[in-house]
Amino acid sequence: MTSAKKTMLSAIQPSNRLTIGNYLGALKNWVKLQHDYDCIFFSVNLHAITVRQDPAELKEQTYRAIATYLAAGINADEATLFIQSQVPEHAELAWVLNCFTYMGELGRMTQYKDKSAKQGQNIPAGLFSYPTLMAADILLYRTHLVPVGEDQKQHIELTRDIAIRMNNLFGKDLFQIPEVYIPPVGARIMSLQAPTSKMSKSDTDVNASVYLNDTDDQIRKKVKRAVTDSGTEIAYDEEKPGVRNLLNIQSALTGKPIPELVAAYAGKQYGHLKVDTAELVVEAVGPIRNRTDELMKDHGYLEKILAKGAERARTRARTQLKILYDRIGLVNPNG
Ligand code: AMP
Ligand code: TRP
């Protein structure tokens, strides 16, 4: 690589439109930290097909994710940007990691338990082995730091366990052991309709999430309809998950500490909190939405960035795979 910076890598599934949870938990921090690292960001479409997707929709969302990264402020000249399926080394490494990961470990993953419970029967094997593909995403690039929301922490821990296991078997320097970065606020934005559950882009209730391509009006309506409790006092309290969530959103957007926000709302009503939060969200999302729409009209530009990114990523990923194949006794494509 050209720089001596450490590597930061992250990704989002293009399984639906992105939400402010994705923005505050992940994307905003990528933008903030990007200049200190050699950055790799991609759209994980192979992960997205662990649940059924409409093919045309999937393709559109895959590009939209990349356009959104750029619109949110990722610098296309510095970061390596690509689509996961453009770099076949991800699927290749995932297979190898599958052979060094235990069923018990995968079965303990909270995301798997939640998603498989929702699915009921006919659970795809890919949903179960999903974390080994994510580990491959990370380990292919000797990644130092992975900025994600709280829900992904367990997957990064598993990635570390697999890497340490393989390093013990095949040499300490085989894989770089990655660290997780979880933001101090915004790591877990909750549903606006059920504030004890995580805001999820696949929620069937569209009012539960603010999407990054919602109109200003839609955003205002959703935030104003956010479920709060029947009290009146604005406090950061376990018993007030709806109010807490709005305060967290404000804090993540403005950088203001929670106590400062709470103090400013002394004597005010929930209505004030909702109106202010709605305006802050509109201010943050509006420009990202408009820029994403512009970029989506310029497919040539996106394709150019992606082709460059995928090529860079492939070269780097192949180097790591060659080392791995040599160590474990697999014959490389070129012998
Ligand atoms: P996903 O939507 O599962 O592909 O998640 C992409 C990134 O967004 C990951 O880093 C997640 O941890 C983060 N993320 C997703 N939902 C939320 C949420 N409700 N609050 C905070 N971060 C989130
Ligand atoms: N599994 C992550 C999620 O659902 C997305 C993801 C896939 C990811 N590969 C990754 C995140 C590598 C960080 C690094 O949010």
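These are my notebook entries on two ligands and a handful of residues in this structure.

**Entry 1: the model**

I noted at the start that this is a predicted model. I kept that in mind for every distance below.

**Entry 2: ligand 1**

I began with ligand 1. How many residues are around ligand 1? I found 17. Gly149, Asp151, Ile189, Met199 and Lys201 come nearest.

A backbone N or O atom of Gly149 lies 2.8 Å from an oxygen atom of ligand 1. For Gln13, a backbone N or O atom is 3.0 Å from an oxygen atom of ligand 1. Ile189 faces another kind of atom: its backbone N or O atom lies 2.8 Å from a nitrogen atom of ligand 1.

Then I checked the cover. On its own, ligand 1 has 480 Å² of accessible area, and the protein covers 94% of this. The space that ligand 1 takes is the largest pocket.

Which element gives the largest share of the shell around ligand 1? I traced it to helix α1, residues 20-33, with four residues. I also sorted the shell by class. Six residues are nonpolar, seven are polar and four are charged.

**Entry 3: Lys201**

I stayed with Lys201, one of the residues that come nearest to ligand 1. I placed Lys201 in the loop between β5 (179-181) and α9 (216-224). Is Lys201 buried or exposed? Its relative accessible area is 11%. The cut-off for buried is under 20%, so Lys201 counts as buried, at 11%.

I also took one distance along the chain. Lys201 and Ser191 are 10 residues apart in the chain. Their C-alpha atoms are separated by 9.8 Å.

**Entry 4: ligand 2**

I moved on to ligand 2. There are 13 residues around ligand 2. The ones that come nearest are Gln13, Tyr130, Met134, Asp137 and Gln152.

Here I looked at side chains. Which side chain has an N or O atom 2.6 Å from a nitrogen atom of ligand 2? I found that of Asp137. The side chain of Gln152 has an N or O atom 3.1 Å from a nitrogen atom of ligand 2. Gln13 has a polar side-chain atom 3.1 Å from an oxygen atom of ligand 2. The protein covers 92% of the 370 Å² of accessible area that ligand 2 has on its own.

I then asked about the pocket. The space taken by ligand 2 is the largest pocket.

Which elements give two or more residues to the shell around ligand 2? I found β1 (7-12) and α7. The largest share comes from α7, with four residues. By class, I counted eight nonpolar residues, four polar ones and one charged residue.

**Entry 5: Asp38**

Asp38 has a relative accessibility of 7% and counts as buried. What does the side chain of Asp38 make a polar contact with? I found the side chain of Arg316, at 3.1 Å.

**Entry 6: two positive phi values**

I looked up the backbone of Asn122. Phi of Asn122 is near 50°, which is positive, and the residue is not glycine. Asn122 lies in the loop between α6 (110-119) and α7 (125-139). Its relative accessible area is 69%. The cut-off for exposed is over 50%, so Asn122 is exposed, at 69%.

Arg142 came next. Its phi is near 50°, again a positive value in a residue other than glycine. I placed Arg142 in the loop between α7 and β4 (145-147). Arg142 counts as partly exposed, at 30% relative accessibility.

**Entry 7: Asn75**

My last stop was Asn75. It sits in the loop between α3 (55-72) and β3 (80-83). Asn75 is partly exposed, with a relative accessible area of 24%. Ala4 is 71 residues away from Asn75 along the chain. The C-alpha atoms of Asn75 and Ala4 are separated by 18 Å.

Conventions:
Residues numbered from 1 in each chain as written. Chains lettered and ligands numbered in written order. Predicted model: local features only at pLDDT ≥ 70, side-chain atom pairs only at ≥ 80, totals over all residues. Heavy atoms only, no water. Buried < 20%, exposed > 50% of the residue type's maximum accessible area, 1.4 Å probe, protein only. Near = heavy atom within 4 Å. Polar contact = N/O pair within 3.5 Å; in protein donor to acceptor, adjacent residues only side chain to side chain. Areas by Shrake-Rupley, 256 points an atom, 1.4 Å probe, with all protein chains shown as cover. 1 Å grid on protein atoms, 1.4 Å probe; cavity = no way out; pocket = protein on both sides within 12 Å on 5 of 7 lines; lining within 4 Å. Sits in = over half its atoms within 2 Å of the grid points. Nonpolar A, V, L, I, M, F, W, Y, C, P; charged D, E, K, R; others polar.
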